[in-house]
Amino acid sequence: MSWELLLWLLALCAVILPLVQFLRFLRADADLTLLWAEWQGRRPEWELTDMVVWITGASSGIGEELAFQLSKLGVCLVLSARRGQELERVKRRCLENGNLKEKDILVLPLDLTDTSSHEAATKAVLQEFGKIDILVNNGGRSQRSLVLETNLEVFKELMNLNYLGTVSLTKCVLPHMVERKQGKIVTVNSLAGIASVSLSSGYCASKHALRGFFNALHSELGKYPGITLCNVYPGPVQSNVVKNALTEELTKPMRENIDQSYKMPTSRCVRLMLISMANDLKEVWISDQPILLGAYIWQYMPTWALWLTCKLGEKRIQNFRNNLDPDSQYTLWKPKRD
Ligand SMILES: NC(=O)c1ccc[n+]([C@@H]2O[C@H](COP(=O)([O-])OP(=O)(O)OC[C@H]3O[C@@H](n4cnc5c(N)ncnc54)[C@H](O)[C@@H]3O)[C@@H](O)[C@H]2O)c1
């Protein structure tokens, strides 16, 4: 082989390899640290056994799927949300498909906005299992309404539930973890807690508040290396979050039958969450493209990101007015999932 040909081949590799990496990145559904942990890191099946895990918002969507996947790992579960009957259904599902016995799952109805009940709920868990290894702050609601048309009560409810409810429960559980010098607090935030979008101003604000709170708490827990905080930032995931979203008025429900099939399957999101927990990752982004790419643009080029979200915001509002899910515009990029 001549030197000239060899040089050409090397030059070609120098172009093709980064291009291949870039195309792989375009298909990524999580941040690079999490993808690395999925490939090379510790398995949830090895790390998350023999633990007591308390999940809020366990009656539906991400929380229900998390309970289901954890039930196969042999952990003790505490299932919390407002509706006891739904929690009993999730418990049965976990018992049927998991490795757990009746005594391993505690159904503990809890309203996150009723902060006066959180201390007693924490005591009930400790009485039942003697410890809390992992608290998963997952319960929450989203929003679909424009600022100009939304009652102030809706903004208060979103802050009370998503932000203050989570802070309150965390404050009840944290002293126990400090005493044991170990524990994990996993908080299901949202990419809307990093990058704001139209129609969800109150929701974005509550999730931004959570980000601020937990990042500050992280810096206060430096002398407790055994206590880890993991903040999970999902993009759109299949669940009842849109159906349960708050609207212009507290009492006005969302319309039914909103297509969610194009979103990330709940099972994939939860698997990535378990990998994050097993590897003690501090902040993880979980989303299909192009939303994940949008989060990177928001992080590195905020002025461009604001211009872009303004353009996309118009389309979101148009979709909303046409009775479509605002996020459905991204199906142009991604084929619809079954
Ligand atoms: N699905 C998504 O696209 C998505 C994206 C980013 C973040 N998230 C976050 O994921 C978390 C779980 O949401 P999901 O998508 O599974 O939605 P979901 O509506 O299916 O589940 C929400 C859960 O929170 C519970 N909940 C609501 N209000 C409560 C209250 N006052 N007290 C206690 N529990 C309450 C519900 O009962 C339910 O169990 C939420 O914090 C949400 O903000 C979801």
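**View A. The open sheet of 7 strands.** In this predicted model, the strands follow the order β3-β2-β1-β4-β5-β6-β7 and pair in parallel; strands are DSSP runs of E of at least two residues and helices are runs of H or I of at least four, both numbered from the N terminus, and two strands pair if DSSP finds at least two bridges between them. At the edges sit β3 (105-107) and β7 (283-286), each pairing on one side only. On average, neighbouring strands are turned by 15 degrees against each other, direction ignored (axes are lines fitted to C-alpha atoms, for helices over the stretch in contact, and angles run from 0 to 180 degrees between N-to-C directions).

Residues are numbered from 1 along each chain as its sequence is written. Because the model is predicted, local features need pLDDT of at least 70 and side-chain atom pairs count only at pLDDT 80 or more, while totals for chains, interfaces and linings use all residues.

**View B. Where β2 meets β3.** Strand β2 (residues 76-80) runs parallel to β3, joined by 3 bridges. Look for Val78, which stands opposite Leu106 in β3.

**View C. Surroundings of Ile55.** Setting aside residues up to four places away in sequence, Ile55 touches Gly63, Leu66, Ala67, Leu77, Val78, Leu79, Ser80, Val136 and Asn138 (contact: C-beta atoms, placed from the backbone, within 7 Å).

**View D. Met277 in helix α9.** Helix α9 (residues 266-278) holds Met277. Met277 counts as buried because 25 C-beta neighbours lie inside 10 Å (buried: 20 or more other C-beta atoms within 10 Å; exposed: 12 or fewer; partly exposed in between). Its contacts beyond four places in sequence are Pro44, Leu48, Ile134, Lys184, Val186 and Cys230.

Methods: Two residues are in contact if their C-beta atoms, placed from the backbone, lie within 7 Å.
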